[in-house]
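Welcome to this guided tour. Please open your viewer, and we will go from one selection to the next together.

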Amino acid sequence: MSTDPHARTALDHLYETFARHPLPEHTVVCDHCVSPDVVRAARTGPLRSLGAEVLEPYAWNHGTWGDEADFKHYLPRLLELLITEEMDGWFVAPDLAARTARAWTGWPDDEREAVVAAVGAWWQVTLSAYPRELGAPELIALIGDGYRLDPLPYLAVWEETAGEEAAARHLAGLMRDWPVRAAAERAWYAEVDRWIAGPAPVRLLGEGLAATRSPAVERELRKALELRERRNPVGLHEPG
């Protein structure tokens, strides 16, 4: 896993907060969907020792495996495995985010805050490394559309990465992919769209260009700047 101290602290706090949710003594599982051996593996050993091969079946079958007590027990480990890219992010992450957002309106404040802090750590880990299974464009969509969180604090973190090549390359990916998104009617999308039209992406891409020593990355960032300019010519459509 990343040695990023912010991520480690956030995950430790997540585990500590949700430690109040042990596995229920009996879990109702559809035995046509999940074998007893698979369920037994997910109930054996310390939570932090459970690998993706054990918990992915739970993620795939959560609708027929247990209830909220099981979900809150497994949630810290599921998030950790996504952050460390040990679990299939494309398949598991959207469903986990949507299920969390549906449930956490009735959770205590400290539980919701611990999850939000872990998502923030996930965002920082993502910006600090390139490539990632889920890049920043996918993760900001997951934050806004899945967890239903305001994307602006996360974009503010992005603005603090000036000169960091990985974050600049994620931004180049956003320039390539954003116009084809299908959520344009949603408030979170509009927030990101306005940010793209503002000065921050131009500055970050320019500072990434100045810092890189890779001709390939330089071409990538220059192309992203061209895409940004065609989409929002500087001085014409930036928000005031």
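Is Y189 buried or exposed? Select Y189 and look around it: with a relative accessible area of 7%, Y189 is buried. Here buried means under 20% relative accessible area, exposed over 50%, and partly exposed in between, using a 1.4 Å probe and protein chains only.

Before moving on, note that this is a predicted model, where local features need pLDDT of at least 70, side-chain atom pairs count only at pLDDT 80 or more, and totals for chains, interfaces and linings use all residues. Residues are numbered from 1 along each chain as its sequence is written, and side-chain values use heavy atoms, with hydrogens and water left out.

**Aromatic rings**

W188 and Y189 form an edge-to-face aromatic pair, 5.9 Å centre to centre with 70° between the planes. Rings of Phe, Tyr and Trp (its six-membered ring) pair if their centres lie within 6.5 Å; planes under 30 degrees apart count as stacked, over 60 as edge-to-face and the rest as tilted. W188 is buried too, at 9% relative accessibility. By this rule there are twelve aromatic pairs.

Next, select W104 and Y147. Their ring centres are 6.1 Å apart and the planes meet at 40°, so this pair is tilted. W104 sits in the loop between α5 and α6, and Y147 in the loop between α7 and α8, 43 residues apart. Helices here are DSSP runs (H or I, at least four residues), numbered from the N terminus. W104 is buried at 3%, and Y147 is buried at 1%.

**The core**

Now show L79, V115, W122, W123, Y147, W158 and W195, the residues with the most contacts inside the largest nonpolar core, which has 74 residues. Such a core is a set of buried Ala, Val, Leu, Ile, Met, Phe, Trp, Tyr and Cys residues joined through side-chain atoms within 4.5 Å. Helix α6 gives the largest share of this core, nine residues.

Zoom in on W158. Leaving aside residues up to four places away in sequence, W158 touches several residues, among them W123, A136, H170 and L204; contact means heavy atoms within 4.5 Å. W158 also belongs to one aromatic cluster with W123, Y154 and W195.

Then colour α7, where nine of the eleven residues are buried. Those buried residues include P137, L139 and I143, and they pack against α5, α6, α8, α9 and α10. Following α7 comes R148, with a positive phi near 60°.

**Charged partners**

How many salt bridges are there? The count is 16, where a salt bridge is a side-chain nitrogen of Lys or Arg within 4 Å of a carboxyl oxygen of Asp or Glu.

- Select E111 and K72, a salt bridge at 2.7 Å, N to O. E111 is in helix α6 and K72 in helix α4, 39 residues apart. E111 is buried at 1%, as is K72 at 7%.
- Select D193 and R231, whose closest N and O atoms are 2.2 Å apart in a salt bridge. D193 lies in α10 and R231 in α12, 38 residues apart. D193 is partly exposed at 26%, and R231 is partly exposed at 29%.

For the last stop, show R8, D12, R48, R77 and E80, which are linked in a network of salt bridges.

Methods: Helices (H or I, at least four residues) and strands (E, at least two) are DSSP runs, numbered from the N terminus.
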